[in-house]
Amino acid sequence: MASHRKPRTSVLTSPGGRRTAAGLTSAALASVTLLSQSADAAPRAPRPTIEEVKQQVDGLYRQAEVATQKYNAAKERADHQRTTVDGLLDAAAKRAQKMNDTRRELGTFASAQYRTGGMNPTAQLMLAKDPQQFFDRSHLMERLTSRQQQAVSDYEEQAAAAARQRAEAGRSLERLQTSQASLKASKQSVQQKLAEARQLLSRLTVQEKARLAELERQKEAAAKRKAEEEARRQQERQRQQDGGGTAGGDTGGSTGGGGTTGGTQSTKAEKALAFARAQIGKPYVWGATGPSSYDCSGLTQAAWKAAGVDLPRTTWDQVKVGQRVATSNLQPGDLVFFFDDISHVGMYIGGGKMIHAPHPGADVREESIYYMPIYGSVRPG
């Protein structure tokens with residue numbers, strides 16, 4: 001005989017002792033929800049390619065160089081303001097000493113009057129804490145001797161000058177504080193960009209680092225070939241200018257299509273180049289001006305200073321100094337600037353090459369000027 005009993009359903013016992021199927025249903029729904037959430041979870045971002053990592057690192061280095069130039073500018077302003085403030089404080093101290101000397105002289109006059117007839121109103125006014133009360137009463141001046149009048153006039157001038165110096169010192173201190181705040185912000189920006197670049201590089205495997213180094217070699221080789229081609233073109237132009245003669249010398253010593261410069265300028269350029277060559281192998285350190293390390297504009301500034309030419313501190317100011325020259329007319333010693341934001345500079349040595357301080361982690365070295373996009377060039381001196 002067939003059974004009409006319903007199949008049994010799995011049940012759970014509730015905390016109160018009652019049996020229910022709700023627990024099973026809730027557990028099933030929870031499992032389904034978890035599976036659904038796992039399925040809907042966003043997929044992990046793909047690992048960037050070596051080419052993308054290189055692009056990001058190069059971009060961060062460039063941003064760090066921009067921030068470095070801002071740092072250099074802020075430091076220059078802060079140093080200038082600090083010198084101004086120190087000068088004003090020194091002048092104020094000297095002015096205070098002169099005022100004390102004048103007050104002692106006025107006191108001598110008053111003492112003499114006291115000995116000869118008591119402290120008269122004139123002497124009392126002369127020793128008043130607020131000399132202006134005395135100066136406003138011109139009729140009293142007529143009662144003084146010419147020497148006394150001169151002493152009072154000197155004191156009045158010194159008091160007015162001291163007030164002006166105090167006001168100027170206050171304004172200079174405010175400007176110094178502004179420059180120091182800008183300096184701090186630029187420093188933090190540089191450190192942040194460099195930290196991001198180091199973090200990207202630290203994630204690379206050994207194989208990826210080797211691939212990155214290969215990409216750098218390929219880029220350097222392409223820039224070198226372009227420099228060699230430009231050097232050959234320069235030599236050809238030089239032969240044509242010389243009437244078909246031989247240019248002579250190797251391509252590394254080519255001076256460009258503009259020929260050689262005059263005696264004084266040429267001598268200065270040679271001194272600047274000699275200094276720059278002596279720095280090859282020293283590390284790039286942002287904000288550094290030597291002698292053990294340099295950033296890009298710190299190197300060019302120090303090199304031309306060795307030749308007796310003072311250049312500004314930043315690339316943005318150095319590009320405004322001297323004569324602008326075309327890339328085809330570059331001569332040794334000229335400064336070549338890079339990128340639209342003019343954030344990098346190197347010193348041309350001939351043959352399409354330069355000496356420069358590249359970026360953190362690299363040393364001062366020779367490199368093709370075509371390694372980076374050229375903004376323009378100037379000839380200091």
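Since you'll ask how that's done, a pocket here is an open set of points on a 1 Å grid over the protein atoms alone, where a 1.4 Å probe fits, with protein on both sides within 12 Å along at least five of seven lines, and lining residues have an atom within 4 Å of a point.

Quick housekeeping. This is a predicted model, with local features needing pLDDT of at least 70 and side-chain atom pairs counting only at pLDDT 80 or more, while totals for chains, interfaces and linings use all residues. Numbering runs from 1 along each chain as its sequence is written, and side-chain values use heavy atoms, with hydrogens and water left out.

Back to the pocket. It's lined by 27 residues, and Asp58, Tyr61, Glu216, His359 and Tyr371 lie nearest its centre. Which elements each supply at least two residues of that lining? Those are α2, α6, α7 and β7, and α2 brings the largest share, seven residues. Elements are DSSP runs numbered from the N terminus: helices are H or I, at least four residues, and strands are E, at least two.

Now the sheet. We've got six strands in an open sheet, ordered β3-β8-β4-β5-β6-β7, with antiparallel pairing. Pairing means DSSP finds at least two bridges between two strands. At the edges stand β3 (323-325) and β7 (365-368); each has a single partner strand, so one side of each is left without a neighbour in the sheet. Strand to strand, the twist averages 40°. Angles run from 0 to 180 degrees between N-to-C directions, with axes fitted to C-alpha atoms, for helices over the stretch in contact.

Let's zoom in on β5. Seven of its seven residues are buried, where buried is under 20% relative accessible area with a 1.4 Å probe, protein chains only. On one side, β5 pairs with β4 over four bridges, and Phe337 stands opposite Val345. That hairpin has five residues between the strands, and Phe339 takes a positive phi near 70°. With β6, β5 pairs over three bridges: Met347 partners Ile355, and Tyr348 partners Met354. The β5-β6 turn has two residues, including Gly351 with a positive phi of about 65°.

What packs on the sheet? Helix α9 (residues 296-306) touches β4, β5 and β6, at about 45° to β5; contact means heavy atoms within 4.5 Å. Helix α7 lies across β5 and β7, running at about 75° to β7. Nine of the 11 residues of α9 are buried, so α9 is largely enclosed by the rest of the structure. Just after α9, Gly308 has a positive phi of about 90°.

Last up, the cores. A nonpolar core is a set of buried Ala, Val, Leu, Ile, Met, Phe, Trp, Tyr and Cys residues joined through side-chain atoms within 4.5 Å. Which residues touch the most other members of the largest one? Out of 43, they're Trp304, Leu335, Phe337 and Met347. Among the elements giving two or more residues are α8, α9, β4 and β5, and α2 gives the most, with nine. There's also a second, separate core of 13 residues, which includes Val325, Val336, Tyr371 and Met372. Note that Tyr371 also turned up by the pocket centre.

Key:
Buried < 20%, exposed > 50% of the residue type's maximum accessible area, 1.4 Å probe, protein only.
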